[in-house]
Amino acid sequence: MSNMFPAPVLERVRGVVAGDLVVELRGWRLELVGPRRGFMPTVSEVSSPCPSKRDVYLRRVRGLKPASDGVLLAGRVFHEAFLEPFRVVLRAGPSLERLAGAKARLLRGAPRELRSAASRVFDASSALAMAWGVGGARLPVAVEPEVPGGPVGLSDVVRPDLLVAGVPVDFVYGNGLERKELAVAAYAMAVEAASNNPVNYGVVVQYAGGRLLWRAVILDDRVRSRFLEARDAVARIVESGEDPGVAESCPDWCPWRGVCHAALRV
């Protein structure tokens, strides 16, 4: 495990490994963290960028779909550029030739304006996947593994981008570190419920400014409580069918922005 994450991540979690973290809201404490409502949202709904969670209302209650281009398309391309090197190395070992082939296929299917950035994400991810794969040992890594979400009030299955020795890792394109804290807390608690093993931290990998930034998230009760509050708020919106309203501030790139602000102009 000592060489699985970049040094800044390991430095951040060193105190946690020493056993300084006291947590009540473990995933196996179903009387504290189990479902409180009938509707159980996905992790992406709980950690969505919409402050009022109106995006969930529009999709689940109104049956609308967001624009699939723009930021959603870029996110999908960069997400695949980050994950594909790990799939290649886990499947075929640390092979530069196979990685080059996978990169060429990925870039051919990406919009021209995204290829340069996607290439940089792929290269950075490949360097780490190669470092993990050197030596031929079986890696304690899974790409998008299926973990039961129901015990912690989430959809039937949740899928962290990576599980590295039981530690959830989630990728985000652009800003989103704060909301991704909730995502890794959700994944960690689902893993705890399934394994009865504690997960004390998660990792968020952000692509911003042309590079990958790695951040450890210490999963104390503060973060876990925020996740549970957001989970229950989303479930309440869907069950009640009440419009939570347009958020006072929302990101310019939100794929629902046109829907929300068009409604305001009527």
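**View 1. The largest pocket holds about 1,100 Å³ of space.** Of the 35 residues that line this pocket, S44, L72, G75, R179 and K180 are the closest to its centre. A word on terms: on a 1 Å grid over the protein atoms alone, a pocket is an open set of points with protein on both sides within 12 Å along at least five of seven lines, and a lining residue has an atom within 4 Å of a point. Grid points are joined across faces, edges and corners, and a volume is the space filled by probe spheres set on the points. The model shown here is predicted, so local features need pLDDT of at least 70 and side-chain atom pairs count only at pLDDT 80 or more, while totals for chains, interfaces and linings use all residues. Residues are numbered from 1 along each chain as its sequence is written, and side-chain values use heavy atoms, with hydrogens and water left out.

View 2. By class, the lining has 16 nonpolar, 9 polar and 10 charged residues. Ala, Val, Leu, Ile, Met, Phe, Trp, Tyr, Cys and Pro count as nonpolar, Asp, Glu, Lys and Arg as charged, and the others, Gly among them, as polar.

**View 3. The second largest pocket has a volume of about 390 Å³.** Its lining is made of 23 residues, and S48, P49, P51, K53 and R179 lie nearest its centre. Both α8 and α9 (221-240) supply at least two lining residues, and α9 has the largest share, 7 residues. In this lining you will find 12 nonpolar, 5 polar and 6 charged residues.

**View 4. The largest cavity has a volume of about 70 Å³.** A cavity is a set of grid points where a 1.4 Å probe fits but cannot get out, and the structure holds 1 cavity of 30 Å³ or more. Around the largest cavity you can find C50, R54, D55, L58, V246, A247, C250, C254, W256, R257 and C260. Two or more of these lining residues come from each of α4 and α10 (257-265), with α4 giving the largest share, 3 residues. The lining has 8 nonpolar and 3 charged residues, but no polar ones.

Key: Helices (H or I, at least four residues) and strands (E, at least two) are DSSP runs, numbered from the N terminus.
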